[in-house]
Amino acid sequence: MRFQGKVALITGAATGIEGQTMGFGGASARLSAREGARVVVADVNESDGERTAAQIAESGGDAIFKRLDVASEREWSEAIAAAVQYAPEDIRVNSVHPGFALTPLTEEAFSDPKLMAPGMASVPLGRLGNANGIVYLAPDESSFVTGSELVTDGGVTAQ
Ligand SMILES: NC(=O)c1ccc[n+]([C@@H]2O[C@H](COP(=O)([O-])OP(=O)(O)OC[C@H]3O[C@@H](n4cnc5c(N)ncnc54)[C@H](O)[C@@H]3O)[C@@H](O)[C@H]2O)c1
């Protein structure tokens, strides 16, 4: 339980529905809950967000849904206030910048090998990514990391 005692507010996290292809946010929310975090599932998609949070709770995790349009300053204030109720201090804010992965955004395009091949050819590690970026940012080893931008793209931007 690497995230025990922590609160994770994850944006774009409504894509964590069981049995469906998960997006980065949804998969990160599930991973955080599995590692013991209290999770604020934040998204503009309220129905899927509620469903993701409810399913995490049903499987023994701790999650609530909070509507958050990342472009809205007012909604950010409200979402942060919800997270602060859980953890009043030591708040860190980091972002993950992923590369290619199979998510609701890409599953149609990536099901076509002709479309997939050029994308893969641009990835030095030669494979799809995942939502494990959160594992670097949330544990105690990262307690002094805030304001960072973690690139997890298999080396695409390093070329
Ligand atoms: N999947 C990939 O291969 C890939 C590659 C590079 C970058 N990315 C980027 O990673 C991020 C997540 O990608 P994904 O594939 O999981 O996408 P996705 O489309 O599967 O999920 C995105 C989620 O963000 C939510 N969302 C959209 N606008 C929002 C807003 N204004 N405020 C809050 N939530 C909002 C959607 O409702 C959805 O739940 C995106 O920014 C995407 O561009 C993805």
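I take two strands as paired if DSSP finds at least two bridges between them. I take helices (H or I, at least four residues) and strands (E, at least two) as DSSP runs, numbered from the N terminus.

I note that the model is predicted: local features need pLDDT of at least 70, side-chain atom pairs count only at pLDDT 80 or more, and totals for chains, interfaces and linings use all residues. Residues are numbered from 1 along each chain as its sequence is written.

**Entry: the sheet.** I looked up T11 and found that T11 stands opposite A42 in β2. I recorded 5 bridges between β1 and β2, which run parallel. The open sheet has 3 strands in the order β1-β2-β3, with parallel pairing. β1 and β3 are at the edges with a single partner strand each, so one side of each has no neighbour in the sheet.

**Entry: helix α1.** I asked why helix α1 (residues 24-34) is largely enclosed by the rest of the structure. The reason is that 10 of its 11 residues are buried (20 or more other C-beta atoms within 10 Å of a residue's own; exposed means 12 or fewer, partly exposed in between; C-beta atoms are placed from the backbone). Among the buried residues I listed F24, R30 and L31. The buried residues of α1 pack against elements including β1 (7-11), β2 (38-43) and α2 (46-58), where contact means C-beta atoms, placed from the backbone, within 7 Å. After α1 I found G36, whose phi is positive, near 100°.

**Entry: the ligand.** I counted 22 residues around the ligand, and the closest are G12, G23, T103, P104 and L105 (near: C-beta atom, placed from the backbone, within 6 Å).

Key:
Two residues are in contact if their C-beta atoms, placed from the backbone, lie within 7 Å.
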